[in-house]
Amino acid sequence: MANLVSLGLLLALAGALCRQADATSFEVGGDDGWVVPPASDGGRYNQWASKNRFLVGDIVHFKYNKEDSVMVVTEDDYNNCRAMHPIFFSNNGDTEVELDRSSVFHFISGVAGHCERGQRMTIKVIGQGAPPPAPSAPPSPPHPSGAAPSAGAISAVAMALPVIVLGF
């Protein structure tokens with residue numbers, strides 16, 4: 001009975017590790033963080049977002065000074081830079097938002113005038129990702145950010161753990 005409990009716990013741990021291994025954390029704004037862009041670079045965040053591929057479970061990380069904020073808003077509020085009824089709001093200076101579904105997410109700063117000056121971004125989340133390719137198919141290209149670790153090695157070790165534990 002104890003071996004079955006151990007096996008169940010190990011499988012649950014393996015599943016959690018594999019889910020986290022597949023997720024990517026994106027640093028919004030890179031070294032600059034979530035700031036009002038210069039007037040000559042008002043589309044900075046949408047240009048950055050368009051160069052990345054976002055999957056369900058990925059995380060977008062916003063670093064900003066505590067006088068600012070980050071909000072998730074509706075498309076209409078995004079288009080009109082309205083911050084009155086956010087879906088999500090944070091102003092702690094260090095915010096992580098998990099992209100928890102296939103959808104379009106609209107982010108704006110809640111500080112008056114910042115959205116109008118370009119501190120806003122739209123992210124399209126495309127889903128869980130493609131299933132592994134068939135053995136005869138060529139390998140998939142790497143994740144655009146280069147930050148997604150491979151779950152293959154973790155999965156192999158996680159699947160072998162119950163065999164090793166049960167063998168003793």
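**Contacts, cores and sheets**

Q: Setting aside neighbours within four places in sequence, what is valine 60 in contact with?
A: Apart from those neighbours, valine 60 is in contact with Phe26, Val28, Phe54, Thr95, Glu96, Val97, Leu99, Phe107 and Ile123, where contact means heavy atoms within 4.5 Å.

Q: Before going on, what should I know about the model and the numbering?
A: The model is predicted, with local features requiring a pLDDT of at least 70 and side-chain atom pairs counted only at pLDDT 80 or more, while totals for chains, interfaces and linings use all residues. Residues are numbered from 1 along each chain as its sequence is written, and side-chain values use heavy atoms, with hydrogens and water left out.

Q: OK, which residues have the most contacts inside the largest nonpolar core?
A: Within that core of 19 residues, they are Trp34, Val60, Phe62, Phe107, Met121 and Ile123. Such a core is a set of buried Ala, Val, Leu, Ile, Met, Phe, Trp, Tyr and Cys residues joined through side-chain atoms within 4.5 Å; buried means under 20% relative accessible area, exposed over 50%, and partly exposed in between, with a 1.4 Å probe and protein chains only.

Q: And which elements supply at least two residues each?
A: These are α2 (44-50), β2, β3, β6 and β7, and the largest share, three residues, comes from β7. Helices (H or I, at least four residues) and strands (E, at least two) are DSSP runs numbered from the N terminus.

Q: What does the second core include?
A: This separate core has six residues, among them Met71, Val73, Cys81 and Cys115.

Q: Where is cysteine 81, and what is its phi?
A: Cysteine 81 lies in the loop between α3 (75-79) and β4, and its phi is near 50°, a positive value in a residue other than glycine. Most residues other than glycine have a negative phi. Cysteine 81 has a relative accessible area of 15% and is therefore buried.

Q: How many bridges join β3 and β6?
A: Three bridges join β3 (residues 70-73) to β6 (residues 103-108), which run antiparallel, and valine 72 stands opposite phenylalanine 107 in β6.

Q: And the sheet of three strands, what is its order?
A: The order there is β1-β2-β5, in an open sheet with mixed pairing, and the edge strands β1 (25-27) and β5 (94-98) each pair on one side only. Strand β2 (residues 59-63) pairs with β1 in the parallel sense over three bridges, and the bridge partner of phenylalanine 26 in β2 is valine 60.

Q: Last topic: what does the pLDDT average over the chain?
A: The average is 77, with 64% of the residues scoring at least 70; pLDDT is the predictor's confidence in each residue, from 0 to 100. Over residues 4-20 the pLDDT stays under 50, and the model has 11 contacts for them beyond four places in sequence. Residues 137-168 also have a pLDDT below 50, with 30 contacts in the model beyond near neighbours in sequence.

Technical notes: Pairing = 2+ DSSP bridges.
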